[in-house]
Amino acid sequence: MGNPFLADSERPISTLIYGPPKTKKTWFAGTAAEAGYNTIILDCDGNAEVLRNISAEGKKNIRVLDIADTTDKVVAIGFFAALFETGREFIWDATEKRVHPRVNKPDPTHWYCVIDTKKFTTNDVLVLDSWTALTRSIIAKHAEMNNLTLDSSDKLERDDWGFMNRLASKALLYWESLSSVVNTIMIGHEVTSTVKDPKDPNKILDIHTQPVSVTSNHGQQVARAFSACLYTYVSGSTLKISTAKREGRDGGATVIPPAEHRWEDLPYKKVMELAGAAKPNKTASEYNSEAFVFLSGEELAQRLALPAKAGLK
């Protein structure tokens, strides 16, 4: 009898890795580059410096796109909308953190990314770091649209939270659909929710650990969207990754056997092997994804000047 956990080798693997802070979740995502995959990090958290721990060969396969919100601009959810709702190739101005109209001449001092999700292959891994930051961006966008401030956050109505839940569900559905064409890793953080007896506030009915989301109820949906949900934790002095579902904690996988691993024993390459996924078959030893092409302003100007048939469409 064959391994029931093995996936179709041509089918991309969607991975969620979540847990407490400082448990090497971003570092784990970086090991995809060490395995030879084109690794694109959508950095909403400003954690890219962790990737300095990746080997020199691995770093050749990594590209980081900073889409973190700023103090005066909601960026992450806007990029997400462009990624999924554009439906065609588009240009992202990485310097100004906005969509660049293709009719406008590129600024030679800026950096750009030409993005076309239809060009993803199984040689690519798209990483969202992190879902937590994206949900904060959703909340910030809602506040911006409704002229809410931190002082008025306690005045949020049920309709406000309902809208944000729907937007988060839409973002999660978009990510799930993308996971059907490219390997994905979503990084999250844990939260432990407590359900108390409404008749006796001192009586606890349930304690559950799950990924952070816009609300506790929405967080219960997150892990279900992935073929592999990994949980990072510290046991004594050992950092571990669990591929098993435990009572009171979201986790487990449909493509990986349930087990407890030392962190260093379960890099991304091992996850893909356990899942029976296809190995990258790149001919180049460096990053060569056509789905996310990073260009200087001058390089983009040259690309835009090409005949329509050979250039951007």
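Tyr112 has Leu295 of strand S14 as its bridge partner. That contact belongs to the antiparallel pairing of S6 (residues 111-115) with S14, which runs over five bridges; strands count as paired once DSSP finds at least two bridges between them. Helices (H or I, at least four residues) and strands (E, at least two) are DSSP runs numbered from the N terminus. The model is a predicted one, with local features needing pLDDT of at least 70 and side-chain atom pairs pLDDT 80 or more, while totals for chains, interfaces and linings use all residues. Numbering starts from 1 along each chain as its sequence is written, and side-chain values rest on heavy atoms, with hydrogens and water left out.

Zooming out, the sheet is open and antiparallel, with four strands in the order S5-S4-S6-S14. S5 (98-99) and S14 (292-296) sit at the edges with a single partner strand each, so one side of each has no neighbour in the sheet. Helix H3 (residues 76-85) packs on this sheet, touching S4 (90-93), S5, S6 and S14, and its direction makes about 165 degrees with that of S4. Contact here is heavy atoms within 4.5 Å; axes are lines fitted to C-alpha atoms, for helices over the stretch in contact, with angles from 0 to 180 degrees between N-to-C directions. Helix H8 (residues 297-304) lies across S4, S6 and S14, at about 110 degrees to S14.
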